[in-house]
Amino acid sequence: EVGIGTARSISGIYEGNYGELWSDVSDLVKSGSCEKRENLVGKLSKARGVGNSAANSFVSFFEDKENFFLVKDLSESMKFSRHFRTNDGNGKGNVISGVESAFFGQKVAFTGTLKFMKRNEAKSKVVELGGIPVSSLSKSTQIL
């Protein structure tokens, strides 16, 4: 079973480009190619915290044509907007759609001492604003 943490990790591989993810899944389902399946499972299993089992589960879900077309129909009938969760002080907050956040889809790393909050609080804020906190710098880090 693929939970939200796994889904976020998979999303991180595609850097928030869900069109590319959907394209990879669509190509696999249309072709039925074992090679494309192996390539996609290999790509997904490289995500942090995602192993072969979770990657296979994700791919298997979409290989079921009923699931594939259900998601396809839903995505075509919905308009996706960027959204983020506000902080109401108790960790819940409200989702605001259509509002741009500078952190949305961005990989954010923290270095050094933070003056105004603890590191875990800063990471939580990044997630609330649609960002992806990372623990180390790499060429894919977008905000430091």
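## The aromatic cluster

In this predicted model, one aromatic cluster is formed by Trp 22, Phe 58, Phe 61, Phe 62, Phe 68 and Phe 69. The structure holds five aromatic pairs. Two of them involve Trp 22: one with Phe 62, the other with Phe 68.

## Trp 22 and Phe 62

The ring centres of Trp 22 and Phe 62 are 5.8 Å apart. Their planes meet at 80°, so this pair is edge-to-face. Trp 22 sits in helix α2 (residues 18-31), while Phe 62 belongs to helix α4 (residues 52-63). The pair therefore ties together parts that are 40 residues apart in sequence.

Trp 22 is partly exposed, at a relative accessible area of 23%. Phe 62 is buried, with a value of 10%.

## Trp 22 and Phe 68

Here the ring centres of Trp 22 and Phe 68 lie 5.0 Å apart. The planes are at 5°, so the pair is stacked. Phe 68 is in helix α5 (residues 65-77) and Trp 22 in helix α2, so this pair links parts 46 residues apart in sequence. Phe 68 counts as buried because its relative accessibility is 2%, under the 20% cut-off.

## Arg 119

Arg 119 is placed in helix α6 (residues 119-128). Its relative accessible area is 32%, so Arg 119 is partly exposed. Beyond its neighbours within four places in sequence, Arg 119 is in contact with Phe 110, Thr 111, Gly 112 and Leu 114.

Two backbone oxygens take part in its polar contacts. The side chain of Arg 119 reaches the backbone oxygen of Gly 112 at 2.5 Å. A polar atom of that side chain also lies 3.1 Å from the backbone oxygen of Phe 110.

How values were computed. Residues are numbered from 1 along each chain as its sequence is written. This is a predicted model: local features need pLDDT of at least 70, side-chain atom pairs count only at pLDDT 80 or more; totals for chains, interfaces and linings use all residues. Side-chain values use heavy atoms; hydrogens and water are left out. Helices (H or I, at least four residues) and strands (E, at least two) are DSSP runs, numbered from the N terminus. Buried means under 20% relative accessible area, exposed over 50%, partly exposed in between (1.4 Å probe, protein chains only). Contact means heavy atoms within 4.5 Å. A polar contact is a pair of N or O atoms within 3.5 Å; within protein, one must be able to donate a hydrogen and the other to accept it, and residues adjacent in sequence count only if both atoms are side-chain atoms. Rings of Phe, Tyr and Trp (its six-membered ring) pair if their centres lie within 6.5 Å; planes under 30 degrees apart count as stacked, over 60 as edge-to-face and the rest as tilted.
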